[in-house]
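Open the model in your viewer and keep the selection tool at hand. We will go stop by stop, picking residues and looking at what surrounds them.

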Amino acid sequence: MKILVSGATGFVGAHLVDALVGRGHDVAAMTRHPDDYDGPGRAVGGDVADAASLGPALDGNELAYYLVHALGDDDFAERDAAAARAFGKAAAAAGIQRIVYLGGLGPEDPADLSAHLRSRREVEGLLAEGGVAVTVLRAAIVIGHGGISWEITRQLVKNLPAMVAPRWVNTKTQPIALTDAVRYLVGVGEDPATAGETYEIGGPEVVTYGEMLQRASRVRGDRSVPIVVVPLLTPRLSSLWIALVTDVDVTTARNLIESMTTEVIVHDRRIEEVVPGPTLGYDETVRQALAERARVTGETHP
C-alpha cells in the first residue's frame, strides 16, 4: 500500500515507518522539516497545524496513520482538536481510504477521564468528521527508548534512592512494549476489515505505577526503590518534582500526571483475534528499552 505516517519522526512514528517499509509498503514520512529527514521511507512536508500543507502530503496515499499529540502545550486540547479536524477533512479530500489512530485507554464516560485522556478520545471523533473511516487503537503507557512516560520511570529510578509520591502510584495501568504497539498498528493497517473499529491494546500484566517503578529498578540491577505515599501531594507539585529530577518539562509532566489518577487497563481483548501473537511482559519490556538506550547512547548502565 501507499501509506502516509504523520508524526513520522516521533517515538512511535519512527519505529512504525521502519516496520511498514520492512513489510514492503510505500511509506511517506510526514515531517515539518523534510530536508532534514534521514529515516526510512520518503520524506514529505506537512504540518497538522497548517491545514494547507496536508493536502499535498496526503495526496496519492491509501492509508494514513495519525500519531500527533500536543502534550507539551498548555492549550494542547484546543491544538489537538483543530489538528485532528483539519487532518480528517484533508484526508477525505485526498481520497484516503482509512485513518489509523493511536489513542488512550480509559473509561467510556468523558467525565471520568483526565483532560489529556479526554482530548485523546475527542480526537477519535474529530478525525472521522471528514467521512474517512477511522481505526482506533487505545493504549496506556507505551514503553520503549525515547518515550516520555518511560523516560520519567527510567530517570526516577536512576536518580532517586527513595521517593515521596502521591496516591497515583497505586493506580492500575497496563503498559505495552513499543514493539507490540507497532505490531498492532501494522496489523490493523493491513486489515481493511478493521475500518471503523476501536481496539484496546496492552501487555499481559496489570500493574500499579509504584510496581512499575520498583520492578524497573530491579531490572536495572538496583535495589527496589522505597516509596512513601503522601496523599496531599497534588499533580502540580508532582509535576514540579518530576521536572526537578528528570529532563521532562513541567507542562508535559503535569499533563501526564493528571492522567495517572485514572485506571487504564484493557477490558476488550478482540485485538488478539485480529493481530494474534504473544506480547512482552513488563520486565522483558524494560530490558528491551534499556538495551535499546544502551545501543543508541553507548551507556553501560542506562
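Which residues does Met1 touch, not counting residues up to four places away in sequence? Select Met1 and look around it. The contacts are His25, Asp26, Glu62, Leu63, Gly189 and Glu190. A word before going on: this is a predicted model.

**Stop 1: the start of the chain**

Stay on Met1. It is found in the segment before strand E1, which covers 2-5. Met1 is partly exposed, at a relative accessible area of 34%. Along the sequence, Met1 and Glu62 are 61 residues apart. In space, their C-alpha atoms are 6.7 Å apart.

**Stop 2: the aromatic cluster**

Next, select Tyr66, Phe87 and Tyr101. These three form one aromatic cluster. A search of the whole structure finds 2 aromatic pairs.

Take Tyr66 and Phe87. Their rings are 4.8 Å apart, centre to centre, with 55 degrees between the planes. This pair is tilted. Tyr66 lies in strand E4 (residues 63-66) and Phe87 in helix H3 (residues 76-93), so the pair ties together parts that are 21 residues apart in sequence.

Tyr101 sits in strand E5 (residues 98-104) and Tyr66 in strand E4, so the pair links parts that are 35 residues apart in sequence. Both Tyr66 and Tyr101 are buried.

**Stop 3: a loop residue, His69**

Select His69. Its place is in the loop between E4 and H3. His69 is partly exposed, with a relative accessible area of 25%. Show its contacts, leaving out residues up to four places away in sequence: Phe76, Asp80, His116, Ser119 and Arg120. His69 and Arg79 are 10 residues apart in sequence, and their C-alpha atoms are 8.7 Å apart in space.

**Stop 4: a charge over a ring**

Select Arg183 and Tyr184. The charged end of Arg183 sits over the ring of Tyr184. The distance to the ring centre is 4.9 Å.

**Stop 5: the largest nonpolar core**

How many residues does the largest nonpolar core have? The count is 35. Select Trp150, Leu156, Met163, Trp168 and Trp241, the residues with the most contacts inside this core.

Zoom in on Leu156. Beyond residues up to four places away in sequence, Leu156 touches Met163, Leu213, Trp241, Val245 and Thr246.

**Stop 6: where two helices cross**

Show H5 and H11 together. Their axes come within 12 Å and cross at roughly 90 degrees. The two helices are therefore roughly perpendicular to each other. On the H5 side, the contact is made by Trp150, Glu151, Thr153 and Arg154. On the H11 side, select Tyr282, Val286, Ala289, Leu290 and Arg293.

Now pick out Thr153, in helix H5. Thr153 has 9% relative accessibility, so it counts as buried. Leaving aside neighbours within four places in sequence, Thr153 is in contact with Met212, Leu213, Ala216 and Tyr282.

**Stop 7: a loop residue, Val206**

Finish at Val206. Where is it found? Val206 is in the loop between strand E11 (198-201) and strand E12 (207-208). At 42% relative accessibility, Val206 counts as partly exposed. Not counting residues up to four places away in sequence, Val206 touches Lys172, Thr173, Gln174 and Ile265. Val206 and Arg85 are 121 residues apart along the chain, and 34 Å separates their C-alpha atoms.

How values were computed. Residues are numbered from 1 along each chain as its sequence is written. This is a predicted model: local features need pLDDT of at least 70, side-chain atom pairs count only at pLDDT 80 or more; totals for chains, interfaces and linings use all residues. Side-chain values use heavy atoms; hydrogens and water are left out. A nonpolar core is a set of buried Ala, Val, Leu, Ile, Met, Phe, Trp, Tyr and Cys residues joined through side-chain atoms within 4.5 Å. Buried means under 20% relative accessible area, exposed over 50%, partly exposed in between (1.4 Å probe, protein chains only). Contact means heavy atoms within 4.5 Å. Rings of Phe, Tyr and Trp (its six-membered ring) pair if their centres lie within 6.5 Å; planes under 30 degrees apart count as stacked, over 60 as edge-to-face and the rest as tilted. Helices (H or I, at least four residues) and strands (E, at least two) are DSSP runs, numbered from the N terminus. A charge sits over a ring if NZ of Lys or CZ of Arg is within 6 Å of the ring centre and within 35 degrees of the ring normal. Axes are lines fitted to C-alpha atoms, for helices over the stretch in contact, and angles run from 0 to 180 degrees between N-to-C directions. Angles under 35 degrees count as roughly parallel, over 145 as roughly antiparallel, 65 to 115 as roughly perpendicular and the rest as oblique.
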